[in-house]
Amino acid sequence: MDIMPSLSYEELESRLETQETLVECIQALQSKSNDLGVSVYNVLSIVAGFYEADRVRIYELIDKGEKLRCTYRFSVDEEKIDPNEDDSDTLINEDWLNILEEKGEIFIDIRTSDLPKEVKNEIFKNQEHLKNFMSVPLILEGNLRGFISVGNVRRNKNSPLLLQSVAGFILNDIKSNDSFEQKIFQAIASSTLTMYLVNIIDNNFHVSKDNPKISKFICSNDSFNFDDANRQIREVVGHIASSDFINGILKFVDLTSVEERLAEKSIISHEFYGEMFGWCRANFMPVSKDMDGRLKYVIFSIQPIEEEKRRELEYQQILRNTLGSQNEIYTEMLQAQSAGIFSFKRINHEILMMNPAALNLFGWDSIVNAQDNIMAVLGKMESPKKDAIIHKILALKNGDPEYTYEFSIHKMSGEFKWVLGHSKVVKLSNHEEIIINSFTDITANKKMETELFYLSQTDALTKINNRGSGERRIELLLKKGDCGMFCLFDVDKFKSINDNFGHSVGDEVLVEIAKAMKKAFRGNDIIMRLGGDEFAIFAVGVMDEKIGSMCIERFFETIGQISIKPLRDRKISVSLGAVFTVAEGETFDHLYQRADVLLYECKKLPGCQYSFAHGR
């Protein structure tokens, strides 16, 4: 992707942390436990961790809305629950509920809150350990049913989104029993006709969103088989697409080549037409890989684009009209376009026209304000390839193929846009050549692509590089000739932790190990989880055993500081093998094999142990 988002890495990480925490909450609600109370308790513990809060409570209105009952509760330290806090029902404070329902969400600090005194006194009564809290209402079918509240918030005080979403999930689980897949995909499914979660390795799929017309076709087809995804998806698109588009769409949906076509891409698409839905766009998006780094799950969706295609065809018609004559109809049609369009003379670059959408995109009131200077317009593009894009546009000649490109732009209002540009030379009836440029806002699609790409590179549990992305990054450095120290390690007696304390504690150990890696190594070093309790590090430029030892010992010291409550006094330790790159042609597999031999030897010794090797 040429253009990265304007959001800082920290902002993007914060947004994705919220999304990933939502997924954890959904997984907790959809756990194998048949006890809804246990599932909700687990969700509340996740919420408390996100906000670094002392407690989370769910209150429901009872007795026809006259009393309030604490239905679910979670406290980080159960021993510090206020002795005055009991399970008895309490009378409601209508002023407080009215304020909460009106604002939708609220954060209250006992020291700075401007709430009426009587409301504040009622809220904090018998809550001597409560200094602040965040609350969102529980509204079902338009009626207030209670609220969820987080006490003593220390982090993400301005991020109520997680709490609002959890409130919705809990209400939905109480009211119905929606499937996990419906919840996980509902955000991106809203703009599609149908969407499947496809396992391209096992060749099966699950319908995440259906369409009545398509499901009717599926249900009426006795030969339909969800365990033969390649054939069944071909049957679906073959039923939808018109005869002129059959060959193209059938080639696109061939699952045997999807992994190759999606390499280093976050989405691939193909447009087709059919009588049932008009113009449509089929998409494949990567979701996750298996332990060997092979692409396993993809999302296949069919998206209606009738309106988008209508605008594109209008634009193409305008170009055809322009070839006939340069007249008032041409100008009026361009002015009416929602896409940004402007044209200039190919020889002297004099701007001929800019429609309102183009003026707004580049921040001009009129062409006069742009001073008839083509660089005043194109110069506002933002892209690592900006100079090359502008040079290509200005160098276009009659007969050259059309030029498509992407760039970003910051508007005067501070709004950030991603734009798809399209430039073409047109020869008018008077033999004059002009360059017509169209600009389409693709911000929403790019944001989704960027986030999906980030998630596909990241280990879901530890939030560091997964095996596939880490291995690719190391291979690129090796091909460039960059040297360094490769460390391979795993957690000592990790199986006994899982067996004696449970997999949730084991997962917490892995998360803390990843945090220690981030803390002990530099930002340009590559840290990754290979799978299970096995991790790897590539310390770029470290080729000295003394410096390498300092890095590893700093890492071990950080591991020694890990404290996990259920483990009590049990310390975490790892065994590590370290090797240095030795020559050109070094590969990741070779580094791994050399380090694995040393790791195996270290496993025979107690505590945090490591060993170096230089030669092959």
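This report walks through the fold, a pair of packed helices and the aromatic rings of a predicted model.

Residues are numbered from 1 along each chain as its sequence is written. In this predicted model local features need pLDDT of at least 70 and side-chain atom pairs count only at pLDDT 80 or more, while totals for chains, interfaces and linings use all residues, and side-chain values rest on heavy atoms, with hydrogens and water left out.

**The chain as a whole**

Let us start with the overall picture. The protein chain has 21 helices and 21 strands, taken as DSSP runs numbered from the N terminus (helices H or I, at least four residues; strands E, at least two). Of its 616 residues, 47% count as buried, where buried means under 20% relative accessible area with a 1.4 Å probe, protein chains only. Among contacts with a separation of 6 or more, 58% link residues 24 or more positions apart; contact means heavy atoms within 4.5 Å.

**Helices α19 and α20**

Helix α19 covers residues 503-520 and helix α20 residues 545-560; they pack at an angle of about 140°, with axes 9 Å apart. The contact involves I513, A516, M517, K519 and A520 on α19, and R554, F555, T558 and I559 on α20. Axes here are lines fitted to C-alpha atoms, for helices over the stretch in contact, and angles run from 0 to 180 degrees between N-to-C directions. The two helices are therefore oblique to each other, a label for angles that are not under 35 degrees (roughly parallel), over 145 (roughly antiparallel) or 65 to 115 (roughly perpendicular).

Helix α20 also holds S549, which is buried at a relative accessible area of 15%. Beyond its neighbours within four places in sequence, S549 is in contact with Y610 and F612.

**Aromatic rings**

Y610 and F612 belong to one aromatic cluster with F489, F521, F535, F555, F556 and F580. Rings of Phe, Tyr and Trp (its six-membered ring) pair if their centres lie within 6.5 Å; planes under 30 degrees apart are stacked, over 60 edge-to-face and the rest tilted. The count comes to 27 aromatic pairs. One of them is F50 with Y51, edge-to-face at 4.9 Å centre to centre and 85° between the planes. F50 is buried at 4% relative accessibility, and Y51 is buried at 0%.

| Charged residue | Ring | Distance to ring centre |
|---|---|---|
| R155 | F50 | 5.8 Å |
| R261 | F252 | 5.4 Å |

Terms used. Buried < 20%, exposed > 50% of the residue type's maximum accessible area, 1.4 Å probe, protein only. Lys NZ or Arg CZ within 6 Å of the ring centre and 35° of its normal.
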